[in-house]
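Open the model in your viewer and keep the selection panel at hand. We will go from stop to stop.

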Amino acid sequence: MAKSYQEINEKIARGEAVVVTAEEVIGIVKERGVKEAAEYVDVVTTATFGPMCSSGAFLNFGHSDPPIRMGEITINGVEAYGGLAAVDTYLGATQPSKDRGIEYGGAHVIHDLIAGKEVHLVAKSQGTDCYPRTELDTWVKLEDLNEAYLFNPRNVYQNYNAAINGSSQRLYTYMGILQPNMGNITYSTAGELSPLLNDPLLKTIGMGTRIFFGGAQGHVSWMGTQFNTACPRDDKGYPQTPGATLALIGNMKEMDPKYIRGAVYEGYGASMFVGVGIPIPILNEEIMAFVAVENKDLYTNVIDYSVPKKAKPTLKKVSYAELRSGSVDINGKSIKTSPLSSLKMAREIAEELNNWIKKGDFFLQEPIQSFPMGNSLKGLEIKEGESR
Amino acid sequence: MMTKKILLSFPQKSAGQPMAMELIKTYHLDFNILKAFIDDNIKGTLLLEIKGEEADIEAGIVFLRQNQIGVKDIQSVVEVDENKCVSCGACTAVCAVGALEMTADWSLVHHDDKCLECMLCVKACPMRAIHAVI
Ligand code: SF4
Ligand code: SF4
């Protein structure tokens with residue numbers, strides 16, 4: 001028996017919807033079978049909380065008197081983009097500050113704004129007839145801004161590589177610190193709780209899907225950058241390598257600083273931990289079968305990050321159950337594994353979204369457009385010559 | 001017999017070494033200097049592991065304090081700030097001895113007795129939730 005978005009939303013409004021997390025649903029499907037479980041469960045909540053570099057905020061400061069057309073802009077010493085209209089800017093999460101470098105970057109400013117802190121805004125301009133002011137130095141809070149929304153071009157990767165270091169030097173990467181001589185393996189996923197691994201063919205997640213985004217209700221606004229639905233898949237359709245990604249949008253003024261945090265990867269740069277939860281409507285048995293996936297059936301590749309090439313060698317294909325076990329055997333040697341994204345926080349987010357839906361505070365939004373399948377990645381060719 | 005880690009801070013003029021001799025003689029305490037720092041000739045810091053009877057250790061600490069030496073109990077040279085920690089696990093990647101570990105429910109635990117004081121975790125933590133006590 002198929003269900004529609006509208007039927008599920010009506011159940012949510014009546015307080016009758018059955019909502020469980022993507023971890024809880026595994027046991028329900030084992031006990032009742034896919035068919036009965038699909039009738040019983042209405043919504044499955046998925047979540048992730050991890051580093052997502054491709055993130056940032058659009059901010060509008062309002063006009064000063066006399067007004068300025070902001071050119072060079074810094075917020076708490078972090079440069080923001082000055083190529084938009086007079087008092088609009090985009091602040092990127094990984095932008096380091098001029099004084100503290102990567103220890104305090106765009107992501108930290110965003111966190112501080114969401115936490116209600118006052119930030120130091122400095123802007124310069126050439127001065128124009130309509131915007132005569134040439135300098136500005138002031139302090140602002142999130143509540144003082146007209147609009148402030150996160151627009152993250154690439155979040156919630158559907159699957160990601162695990163990292164190892166085959167060289168004799170310690171490596172400092174966005175996959176954390178990798179010890180020499182294959183000393184450790186790091187991985188970054190919520191596995192069976194991860195949003196896009198529960199909807200591998202994007203049957204329910206598309207443009208317009210309403211989500212938990214940093215503690216606010218946000219939306220999927222577009223396919224994420226480096227969207228790779230042409231990735232290799234297993235026979236059921238689950239990606240075996242990095243696959244789809246999502247561009248997300250949400251109002252910073254409704255966010256919780258707990259779920260948006262500045263991060264520092266030593267020797268690499270600043271990044272942002274982003275908390276995202278996505279509800280999956282159980283429209284039919286096919287979708288129920290997808291969300292019942294377990295860590296033992298989800299695979300990724302252990303990649304040697306010491307090779308300074310785009311195509312890095314794969315040492316082993318491993319399941320998330322193996323990675324979660326604490327060690328993986330490679331060439332007869334047991335190598336310790338460590339996570340980089342927080343399963344504990346992801347579970348908290350899945351529960352929180354679950355509560356919102358059960359209380360009737362959050363309704364499902366059917367996508368207004370699905371994302372393309374079979375979309376592959378292009379590389380960048382380096383072409384010779386001074387002019388063309 | 002018990003073993004305890006203490007962090008001593010003393011003004012540069014009060015010499016650490018004679019005090020230490022006094023500890024051995026008067027209070028029958030064995031000790032190991034784990035780390036020693038001298039900060040711009042303003043103050044010195046010594047991380048000691050002391051071994052002895054509980055009463056002797058206590059009396060020794062009273063003696064040090066009477067001599068204007070700061071004494072702080074140290075469980076471990078690194079501390080995890082629970083308000084900043086998100087239990088991501090990045091620090092466990094570099095902790096070779098398992099002093100930092102994920103529990104069954106994927107929270108971070110810090111077994112301070114296992115720590116080797118390599119300080120690698122301080123740099124590995126993306127939240128900067130781990131800081132060195134000394
Ligand atoms: S200082 Fe070294 S041994 Fe101690 S907890 Fe940190 S990584 Fe582990
Ligand atoms: S790396 Fe930092 S935030 Fe992550 S678990 Fe360790 S102490 Fe907590």
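Select chain A and chain B together. They bury about 1,900 Å² between them, 56% of it on carbon and sulfur atoms. Buried area is the accessible area (1.4 Å probe) that two parts lose on being put together, summed over both. In chain A, pick Ile177(A), Arg261(A) and Lys344(A): they lose the most area to chain B, together 23% of what that side buries.

This is a predicted model, where local features need pLDDT of at least 70, side-chain atom pairs count only at pLDDT 80 or more, and totals for chains, interfaces and linings use all residues. Residues are numbered from 1 along each chain as written, chains are lettered from A and ligands numbered from 1 in the order written, and side-chain values use heavy atoms, without hydrogens and water.

Next, show the contacts (heavy atoms within 4.5 Å). Here 26 residues of chain A meet 22 residues of chain B.

Zoom to Glu103(A) and Arg128(B). They form a salt bridge, with the closest N and O atoms 2.7 Å apart. The rule asks for a side-chain nitrogen of Lys or Arg within 4 Å of a carboxyl oxygen of Asp or Glu. Across this interface it finds 2 salt bridges.

Now color strand 19 (260–265) of chain A. This strand, a DSSP run of E with at least two residues, gives the largest share of the side of chain A that touches chain B, 5 residues.

Last stop: ligand 1. Which residues are around ligand 1? Select Cys95(B), Val97(B), Ala99(B), Leu100(B), Cys115(B), Leu116(B), Glu117(B), Cys118(B), Met119(B) and Cys121(B). Each has a heavy atom within 4 Å of the ligand.

Key: Helices (H or I, at least four residues) and strands (E, at least two) are DSSP runs, numbered from the N terminus.
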